[in-house]
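Please keep the sequence and the 3D view open while reading.

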Amino acid sequence: MSFLVVPHQATSSAVTIWVGAVRGDEPRLELEVGREPSLPLDAGWSSFQAAGAHHLWWQRVTVDGLAPGTRYPLRLLEQGAERAQGTAVTLPASLPRLDEQPFICLLGSCFALLNDQAGAAGAAYAALPAGARPSVKFLCGDQVYLDAPFPKYLFNVYPEPQLRSELLATYLASWTQAGDRRGFNELLRDGATWFCSDDHELWNNAPSPTPIVRATWWPLGDGGAAWLRAAGSLYDIFQTPSRSSSFEVGQLSFRVLDTRLGRLRDRSLFADAAAVSAVAGWVAGLQGPGVLVVGQPIFVAQTGLRGHLTDWGLADFGQFGELARALSASQHDVVVLTGDVHFGRVAGCRLPSGASLLEIIASPFALIDARFGGKWSRPPHTFPAAAVEGISPAPIWVSDHQLATNHFATLEFADDGGRVQLTMRAWPIPTSPGQAPVSRLVMSRQLN
């Protein structure tokens, strides 16, 4: 039996908690938040059924009336016995001052469980110093590798009931990695979390066919239709059904945009048209700095023919021009947080208004394969790299932060007299879970 507690989104007065249980019959559990009386979870269960006697029961529970900027211990109970635990965090009511503990966010992507059997990523997170522990996590894609190990799906096409079981098992293996190893569950169950997806929440280069998943080939498979149904449901269940969300902390505004699950194979759209329009409205309405979280870099050139075999980037989609125009029109600094590419990088450009557009990449938590990592790449010379109507290309500068090992990043935000002070640290993940990570100060910068 598996029991899970994963805090999801939060406000200054409420938290949403995801609760899961794997068993045959509907569970009867209680959730304890802080010192308040436990909440019965007898109603509200949904299930994901797969082949076999057991399947996943899950629900999201929102608890309100909480104090801002506070950590609340969570306990999942079954007849008084603790089955799982975690920590929920509410957002602060305002951005902390420079002389206070900053508002800290974590940025990470690309966790390949098969290459982190020792639980190094979770152990590194657990070993963070108390003053560096984030309140919010942005997990911006490839939280699971549903298409791994790659030979498994290259040589097999599973019936849909069995495929559902295989994909569920991959999620559960990642979401429950814990014990003495302090695995990925250590990270998932602590603090608020905003998710967005990338291709391995489906398959490599999804929704386009990939050479390494036979089910995406026609006529040997169904073009990936059954896979899309199962993987899409699992993403909505375990991570989020939202494709766009936002929140604010003081003068700092955050927006999360999913750029994978709304993709069309003709590469016209990478997200729902209304969601991208909403991002443009968000940028236009900024009263201070903005933070945009997406699944792939925006400082990127078009992929060309190799995209058929590797992965299409955002610039390969017709919709990229709309996003680029929206960002270029900003009157305030915008920080784009992303992952996907298996290295860490900081780059930026100056917008026509004089504001800055910064891109921060943190990837991977655990590299899927040595053949697809260990190399750092520069961005293109300009943003955008190819002509976009209505935009004059802006030269891109690149920092000396060049990290091509497993890592995550933390971003510290503080109010500096109406401006926002951003401090970024990179945390390389030690190869041994017994070692604590040592931060690298990457950048300290004022945002306007």
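Rings of Phe, Tyr and Trp (for Trp the six-membered ring) are taken to pair if their centres lie within 6.5 Å, and a pair counts as stacked when the planes are under 30 degrees apart, as edge-to-face when they are over 60 degrees apart, and as tilted for the rest. The model is a predicted one, in which local features need pLDDT of at least 70 and side-chain atom pairs count only at pLDDT 80 or more, while totals for chains, interfaces and linings use all residues. Residues are numbered from 1 along each chain as its sequence is written, and side-chain values use heavy atoms, with hydrogens and water left out.

The structure holds 23 aromatic pairs. Helices (H or I, at least four residues) and strands (E, at least two) are DSSP runs, numbered from the N terminus.

Phe320 and Phe383 are both buried, where buried means under 20% relative accessible area, exposed means over 50%, and partly exposed lies in between (1.4 Å probe, protein chains only). Helix α7 as a whole is mostly covered, with seven of its nine residues buried; these are Phe320, Gly321, Leu323, Ala324, Ala326, Leu327 and Ser328. The cover over the buried residues of α7 includes α6 (273–284), β14 (290–293), β15 (334–338), β17 (356–361) and β18.

Elsewhere, Trp18, Phe111, Tyr171, Trp175, Phe184, Phe195, Phe238, Phe365 and Phe408 form one aromatic cluster. A charge is said to sit over a ring if NZ of Lys or CZ of Arg is within 6 Å of the ring centre and within 35 degrees of the ring normal. Arg164 is placed in this way over the face of Phe48, at 4.0 Å from the ring centre, and the charged end of Arg267 sits over the ring of Trp312, 3.7 Å from its centre.

On a 1 Å grid over the protein atoms alone, a cavity is a set of points where a 1.4 Å probe fits but cannot get out, whereas a pocket is an open set with protein on both sides within 12 Å along at least five of seven lines; lining residues have an atom within 4 Å of a point. Grid points are joined across faces, edges and corners, and a volume is the space filled by probe spheres set on the points.

The structure holds three cavities of 30 Å³ or more, and about 40 Å³ of space lies in the largest cavity. Its lining consists of Gln9, Trp194, Phe195, Cys196, Thr240, Ser242, Arg243, Ser244, Ser245, Val256 and Asp258; the elements that give two or more residues to this lining are β11 (192–195) and β12 (244–249). By class, the lining of the largest cavity has four nonpolar, five polar and two charged residues, with Ala, Val, Leu, Ile, Met, Phe, Trp, Tyr, Cys and Pro counted as nonpolar, Asp, Glu, Lys and Arg as charged, and the others, Gly among them, as polar.

The largest pocket has a volume of about 1,100 Å³. Of the 37 residues that line the largest pocket, the closest to its centre are Arg306, Thr310, Asp311, Asp340 and Val341, and by class the lining has 17 nonpolar, eleven polar and nine charged residues.

## Individual residues

| Residue | Relative accessible area | Class |
|---|---|---|
| Ser165 | 18% | buried |
| Ala127 | 33% | partly exposed |
| Trp282 | 9% | buried |
| Gln446 | 30% | partly exposed |

Ser165 lies in helix α3 (residues 160–175) and touches Ala50 and Ala51. Trp282 lies in helix α6 and is in contact with Ser253, Phe254, Arg255, Gly290, Val291 and Leu292.

Ala127 is placed in the loop between α1 (120–126) and β10 (136–139), where Ala127 is in contact with Ala436 and Pro437. Gln446, in strand β23 (residues 440–447), touches Asp333, Asp416, Arg419, Val420 and Gln421.

Conventions:
Contact means heavy atoms within 4.5 Å. Lists of a residue's contacts leave out its neighbours within four places in sequence.
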